[in-house]
Amino acid sequence: MALSTAKRERIDSLAALASGRTGEIGVSLTKSAFRRLRRNPIAIIGAVLVAIFILVAIFAPLLAPKDPRIFYLLGEVRPNFIPGSREGYPLGVDRLGRDELSRLIYGSRQSLLIGVVSTIIGVVAGMAVGLIAGGFGGKVDTVVMRFVDILLSIPGLLMAITVSLILGFNLYSIMIAIAVTQIPIFARLLRGSMLSQRDADFVLAARSLGVQRRKIVFSHVLPNSLSPVIVQATLSLATAIIEAAALSFLGLGPADRGNPEWGAMLADAQDFLTVRPELAFYPCICIVIAALGFTLLGESLREALDPKFRR
Amino acid sequence: MLRFIVRRLLQLIPILFGLSVLLFVWLRALPGGPARALLGERATPEAIAAVTESLGLNDSLFVQYGRFLQRLVQFNLGVSTQTGRPVTTEFFERFPGTIELTVAALAFAVVVGIPLGYLAARRHGGILDSASVMASLLGVTVPVFFLAYLFRFVFAVELGWLPGSGRQDVRIDGTHPTGFYVLDGLLTREFDASWDALQHLILPGLALGTIPLAIIVRITRASVLDVVNEDFVRTAESKGLATSTIRRRHILRNAMLPVSTTIGLQTGLLLSGAVLTETVFAFQGVGSFIKDAIQQRDYAVLQGFILLLAIVFVLVNLLVDVSYGLLDPRVRVR
Amino acid sequence: MTAPARVATGASTSQPLLRVEDLSVVFQRKRETATRAVDGVSFSVAPGQTLGLVGESGCGKSVTSLAIMGLLPKRGVQVSGRVLYEDRNLLELSDGELRNLRGAEIAMIFQDPLSALNPVIPIGIQVTEVLSRHRGMKGDAASAEAVNLLDRVGIPDPKRRLTEYPHQLSGGMRQRALIAMALACQPRLLIADEPTTALDVTIQAQILELLRELVVGSDTALVLITHDLGVVAGLCDTVHVMYAGRIIENAERREVFYQGRHPYTGGLLGSIPRLDAVRGETLHPIRGSARDAIPWSEGCAFAPRCDNVADDCVGQAPGLSTIAGGHQLRCLHPLDHPPEVAILETIV
């Protein structure tokens, strides 16, 4: 297929990991991978970052010094002046006089929400598509994968833009838009995994015994495919957080800017770059930290599951 | 070899077909309907009714799609609601800028990334190796707009070393026969215009190219590490060949295979990233125009631009696939 | 085989070309215990001689050959002892000096011909690169010589093969091509590491025949590494049997096959399935597996699997002692009678 061969191959190689585990139950694999992870410094850093991110999001009301929506110091804002760090406002305020630190803290909620929900949708829908393609094979497989290829032919962000334009300017549209960009990845992943296991000995054995196809798929093939899915899901979470920010930055996403979102904060800060550049950097750094945490975790997961043991 | 190319080209057709269907449906799925979308938000109900009639939007979907395809083939993608000019005109006027930017970014990523990845792999376990791994992990995670801001702020605004916006200094009035500013300067012998355009490419190019750089370093390193352990490298050593010969003909030649396939993938990243980078740097390319179109709800432009960009992406991937066949003889037989 | 008399070990009248003295290789990976892959191995080969190095997988024979060629990784590996090639210790040579020798005077043939060849470069170039490096040949001259070499190793239509890629050739032809590359500069020492293991049985015979043709009557010394006694029987002058990194028995070929005394050698010989065996007769493998080895500091590594084992075998590692002229043995309780190997009458 002329399309995205590299992406395809990368996903397929991840899927091939699953077939190396034929016969093993998914649980024991995760246990040994877990042990290896605990020793890996990158994994630990990633896990710590992710934990911080999640905790901040959950305990935002307790951690934030002020209400993120109130225009406390709006009166002091001028076209070329925004109050900086002072008593009660550790990081200063934004262009509408709202406390920056509180907005950053609450912003984690949006990012976490969007990241998690869109990835879950992407995983579930993608796996469903992949299951259909891989499970039925033949013509169904060809048609479905053609469709997936078409989806893949539009670069990620552009695809997200098209979807969110249809769905309007709200939170759900961003979530679904990002999910749509994830679907092809997980579809290919699962299909690849199923295909590589189709000729595996244990599958042939089960079929020769007359075991139903559905049972084979759900009891054997699926659990073996879980590890690459988990790895990819972690990495996709990181991408989702970044893409959500990018979409907000471009002006898509909830029109109501009351609920702070890092990408939107970044977009708002554009105009005041010369006056208060920190307003652009704070949300950027938060995005980087959150995405980095998931990426490190995902990468070390991938290494932990890689039979080659090579760094 | 030719059959290989032809076969790949043929596989292109259903994709293009699917894309056109997708975007056709998209326009009609927009809130308010296609007529309103094409006319803009301030359209009156009468105008909408008139356009609906004149565009034949009340006809059956099949008929409409037929007309859509017909217009596509004639290169008619509608008219921009912002500027009133044909979408295709807007696209081809701005596309050279984006090409310059993406080429600059890719060149940066490849020229720096491949040697770096190679060295990291050869000095496996050393400082360079660990540093490269860390840096490339970071590089993949950092959002493009962050880098764009960072570079612009530090190097253009604060330090003033390089220009931070636009494609060319407004004071320079260059002639642009091709639309590729750097090239144009060389062609018309206005070398300072060329140089100036080049300077304008540096910061956005670096920002856009950082993520591909990180990916290329990572893949090159992994690939070289794999190849170095292959049996044929050992055979080459046993023949007593010079180190440079082994490096060139045996290690790199094989290690470059996975790297070249990612380059096709990078194009997608680069096109997406261009939207963000061009916005931050006020660089007049396709990307920044898309940003404007989003803000102005210029749906005709969005539909047209995204379709064209998707086609570009598909074609680039095709090119990469074909050239992979040139690099790896094992693939050709298929 | 009734070839003209070949010189046997120990009674050699020509100076040995290669003398391996007390070669040891220790692998030390991070966070793992050190493994002695090769322990005090010594042997020598004279010009025109063929030496067989026999043993199971993992006994260290391949590592020995790589150590001789200097192809072991630098990190995590310690090599000690001496490898004398014409009075020069290969282990002490610089990288540049080694490169000059490799391919030109000392060449190696590897086990898996598909993975041993660069998949993206045509065969012709893989041959001519050796010619250009060591014999300074270029262009048409080099191509012509390459055609000659390919022809000499029995590859049909050699001119066409020059532009073909490894995946377009069959397994046997690939191995021939590798042999051609090894012989391109008429090396004085050839090391063949399991050259036929990855090939079909019929092709195996052809390749061995090819090796024999190329080496017999010439001055080239050949070190043939294999796990297959049948291969050794047809080709080698002297046989060294390796187990767990040590040479446990060595002698001239017939001596080993008919007078083999080490229980391991006996086990190897006795485990060969015989075509004329009575139906239903059980096979006689050596019990245990190669991993049942005692750590080096203590006794004989073969003790856990040995039927002749006694108490002193576990306490101290036996040294190499000479039984008959040229027949050496590392065993405290060798077999009284060598095993029956009647079938080999026809080949040996």
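In helix H7(B), the buried residues are Val144(B), Phe145(B), Phe146(B), Leu147(B), Ala148(B), Tyr149(B), Phe151(B) and Arg152(B). A residue is buried if 20 or more other C-beta atoms, placed from the backbone, lie within 10 Å of its own. Helices (H or I, at least four residues) and strands (E, at least two) are DSSP runs, numbered from the N terminus. The model is predicted: local features need pLDDT of at least 70, side-chain atom pairs count only at pLDDT 80 or more, and totals for chains, interfaces and linings use all residues. Residues are numbered from 1 along each chain as its sequence is written, while chains are lettered from A and ligands numbered from 1 in the order in which they are written.

H7(B) has 15 residues and spans 20 Å between its first and last C-alpha, close to the expected 21 Å, that is, 1.5 Å times one less than its number of residues. A kink of about 30° is centred on Arg152(B), the bend at a residue being the angle between axes fitted to the seven residues ending there and the seven starting there. After H7(B) comes Gly160(B), with a positive phi near 65°.

Phe145(B) and Ala148(B) also belong to the largest nonpolar core, of 253 residues, and are among the members that touch the most others, together with Ile241(A), Leu266(A), Ile287(A) and Ala180(C). Such a core is a set of buried Ala, Val, Leu, Ile, Met, Phe, Trp, Tyr and Cys residues joined through C-beta atoms within 7 Å.

Next come the chain contacts. Two residues are in contact if their C-beta atoms, placed from the backbone, lie within 7 Å. Between chains B and A, 45 residues of chain B and 44 residues of chain A take part. On the chain B side, H1(B) gives the most, with 10 residues. That side has 32 nonpolar, 10 polar and three charged residues; Ala, Val, Leu, Ile, Met, Phe, Trp, Tyr, Cys and Pro count as nonpolar, Asp, Glu, Lys and Arg as charged, and the others, Gly among them, as polar.

Chain B also meets chain C, with 20 residues of chain B in contact with 26 residues of chain C. H10(B) gives the most to the chain B side, with six residues. Here the classes are five nonpolar, six polar and nine charged.

Chain C holds an open sheet of four strands in the order E2-E1-E4-E5, with antiparallel pairing; strands pair if DSSP finds at least two bridges between them. E2 (35–45) and E5 (88–89) of chain C each have a single partner strand, so one side of each is left without a neighbour in the sheet.

Definitions and conventions
A residue is buried if 20 or more other C-beta atoms lie within 10 Å of its own, exposed if 12 or fewer, and partly exposed in between; C-beta atoms are placed from the backbone.
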